[in-house]
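Reader: I have a structure open and would like to learn how to read it. Could you walk me through it, one feature at a time?

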Amino acid sequence: MKHYTLLKRGYNHNDFCEDFLYTHNLKNHFFVGAVFDGCSGGETSHFASALFGKILKKICFNKENIELNDTSVKIFSNEIFFELLQEVSFIKDRIELLEEEILSTVILFVYDYEKNEANIIASGDGPITGKLHDGA
């Protein structure tokens, strides 16, 4: 399956792109894609988005060694999201980040190639627009 991505700094963001994009094919069973949209009202939101993306990368690489055959896409995406929140919370406490330093909207998309099913989890203040269709 081919997928195309685009990440572009917004016009109102002079110094940094406050977003982060991550995609990963997991054993050709699941496709994991995520957009982390930094909150302009936060401090260094480009850092928060990049941190979330790097943590998701670590989680996906750790999942390469587990059996995924009977895992539903909903359960798998929920596990990834929960692990992401746990890791962010741990790092926030460990390096004493303020709430304003980890503000980022998370949109996590997980697709099961074999079952042709997907699950989307969104958390934050960003809207989701558009519609999904089956190509018919």
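This is a predicted model: local features need pLDDT of at least 70, side-chain atom pairs count only at pLDDT 80 or more; totals for chains, interfaces and linings use all residues.

Reader: Is H29 buried or exposed?

Author: Buried means under 20% relative accessible area, exposed over 50%, and partly exposed in between (1.4 Å probe, protein chains only). H29 has a relative accessible area of 3%, so it is buried. Counting a contact as heavy atoms within 4.5 Å, and leaving aside residues up to four places away in sequence, H29 touches L68, N69, T71, Y111, D112, Y113 and E114.

Reader: How do I read the sheet?

Author: Strands of a sheet pair through backbone hydrogen bonds, either parallel or antiparallel. Two strands count as paired if DSSP finds at least two bridges between them. Here, 4 strands form an open sheet in the order β1-β2-β3-β4, with antiparallel pairing. The edges are β1 (19–26) and β4 (117–123); each has a single partner strand, so one side of each lacks a neighbour in the sheet.

Reader: How many bridges join β1 to β2, and how many join β3 to β4?

Author: There are 8 between β1 and β2 (residues 30–38), and 7 between β3 and β4. To find them on screen, look for L26, whose bridge partner in β2 is F30, and for V110, which stands opposite N119 in β4.

Reader: Where do the helices lie on this sheet?

Author: For directions, axes are lines fitted to C-alpha atoms, for helices over the stretch in contact, and angles run from 0 to 180 degrees between N-to-C directions. Helix α1 (residues 45–63) lies across β1, β2 and β3 (104–112), at about 5 degrees to β1. Helix α2 (residues 73–94) also packs on the sheet, where it touches β1, β2, β3 and β4, and its direction makes about 150 degrees with that of β3.

Reader: And how is a pair of helices described?

Author: Two packed helices are described by the angle between their axes and the distance between the axes. For α1 and α2, the angle is about 130 degrees and the axes are 10 Å apart. That makes α1 oblique to α2; angles under 35 degrees count as roughly parallel, over 145 as roughly antiparallel, 65 to 115 as roughly perpendicular and the rest as oblique.

Reader: Which residues of α1 meet α2?

Author: Among them are L51, F52, I55 and K58 in α1, and residues they and their neighbours in the contact meet in α2 include F76, E79 and I80.

Reader: What is the phi of N116?

Author: Phi of N116 is near 55 degrees, a positive value in a residue other than glycine. N116 sits in the loop between β3 and β4 and is exposed, with a relative accessible area of 56%.

Terms used. Residues are numbered from 1 along each chain as its sequence is written. Side-chain values use heavy atoms; hydrogens and water are left out. Helices (H or I, at least four residues) and strands (E, at least two) are DSSP runs, numbered from the N terminus.
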